[in-house]
Amino acid sequence: MIKKVFASLFAVVILLCAVGCGTYSEVGKEADSSTSIISDDSRSQPSDDGTDQTDTTESGDESGDGSGDGSDTSEQEDGSDDSGSEGEDKDERPDTSNMKKILFLGNSHAKDTYMALPEIFRAEGYTDYTFGLAYYGQQDIADHASYIGNNSAVYTYFLSKPDVQNGKIRTPNGKTDGNYNLVTFESILTDQEWDIVFIQVCMRDVVLSDDVYASSRQTVVNFIRSKAPDAKIGTSCSWLAPYSDDPNASPGKWANIAVAYNNYGTTPADHCNRHCKVMKDNIVKDSTYCLNIDVCTPVFYANQVLEISSDVLYRDVAHMSQFGRGLVSYSFFAQYTGAEIEEIKLDSLSGYVAPSGTNALTLTVEQNIIKASANYAFNSPWTVPSAE
């Protein structure tokens, strides 16, 4: 069925490739100064005035090595088991039209999801949105619960406001002696009147805990409710990582996560199903969370169904490339606004979205891939895409 539906799409993609840029694997690799798919090795980001500033916190990308706390030692603030009512999976989509201040709590995958959102929302006509990110690399939900409970100043605060240079300010707030100021989650949570706070569900939460660290999640939820009682609470679930099309690719520092995935099967589909299952079993049916964004499925769909190489989607075995960030952010956009994408109105991803460097990525064939992948996840969240 899916093959038939997308036969025409592939024809369009092939035609566009032939006319404009050759095979997709070469998109962004041509000698066009405005187009670049680059690595994240230098970990630098353009500042608001166009100069580079080193993001020293990027070295905290998810290690998945379990070296963080990882254990659930935090108690709920009030000692209650307020996990929300459970029942059938919720089909209704919340009205987010007046929820224009969006905060993320998470690690490098939350950052990958966040970086392109301001320019995507703006390009699509949503010009008055504020985005924030409480960022600490390598951390899972149990770690966040521990830091919140101890009021630890460990977070880098990213902020994008619509009234500052057209919403393009996404650099961390504050910098001293070359390092960004680290702050508490409480200070970020109370800095704006956030309409919704997304707790990122990372790969460690998915493969190392059958209940997605339920008690720790509740600790975080209770804290958000105590400091921002009017804010809704949602989740955003990460993509497969470590992951590569190359079966011989090294998982590197994420080796223990690769081993843990294989407890649930050995194929990519098995691993994607693990994400879907734990989210449906623990999160999606829980009324605590008003909106649960699936950014695992669109990445898997692009890779497995549309056959886009992992080398194009990922910048290493764990993190999104510039294009991958755009695909993930557009998927978030569709699910957040509650409508399929009819047209990708953004023509290019700015250099700021690039994990390093300043080159923009012109979107041509990529627009079709983004649209198809985001719309699949919008219509079929928490399902494993198949080309059959």
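How many cavities of 30 Å³ or more does the structure hold? I find three. My cut-offs: on a 1 Å grid over the protein atoms alone, a cavity is a set of points where a 1.4 Å probe fits but cannot get out, and lining residues have an atom within 4 Å of a point. Grid points are joined across faces, edges and corners, and a volume is the space filled by probe spheres set on the points.

Housekeeping: this is a predicted model, where local features need pLDDT of at least 70, side-chain atom pairs count only at pLDDT 80 or more, and totals for chains, interfaces and linings use all residues. Residues are numbered from 1 along each chain as its sequence is written, and side-chain values use heavy atoms, with hydrogens and water left out.

**Cavity.** I picked the second largest cavity, with a volume of about 40 Å³. Its lining is Trp 239, Leu 240, Tyr 243, Cys 296, Val 299, Phe 300, Asn 303 and Tyr 314. I sorted that lining into seven nonpolar residues, one polar and no charged. (Nonpolar covers Ala, Val, Leu, Ile, Met, Phe, Trp, Tyr, Cys and Pro; charged covers Asp, Glu, Lys and Arg; the others, Gly among them, are polar.)

**H10 with H12.** Next I looked up helix H10 (residues 297-304) and helix H12 (residues 322-337), whose axes come within 9 Å and cross at roughly 130°. Helices are DSSP runs of H or I with at least four residues, strands are E runs of at least two, and both are numbered from the N terminus. Axes are lines fitted to C-alpha atoms, for helices over the stretch in contact, and angles run from 0 to 180 degrees between N-to-C directions. So H10 and H12 are oblique to each other; under 35 degrees is roughly parallel, over 145 roughly antiparallel, 65 to 115 roughly perpendicular and the rest oblique. Pro 298, Val 299 and Ala 302 of H10 touch Leu 327, Val 328 and Ser 331 of H12, contact meaning heavy atoms within 4.5 Å.

**H9 with H10.** Helix H9 (residues 268-284) packs on H10 at about 165°, axes 11 Å apart. That makes the pair roughly antiparallel.

**Backbone.** Which bond joins Ala 241 and Pro 242? I noted a cis peptide bond, omega about 0°. Pro 242 sits in the loop between strand E9 (232-237) and helix H8 (255-261). I also logged Gln 138, not a glycine, with a positive phi of about 75°.

Methods:
On a 1 Å grid over the protein atoms alone, a cavity is a set of points where a 1.4 Å probe fits but cannot get out, and a pocket is an open set with protein on both sides within 12 Å along at least five of seven lines; lining residues have an atom within 4 Å of a point.
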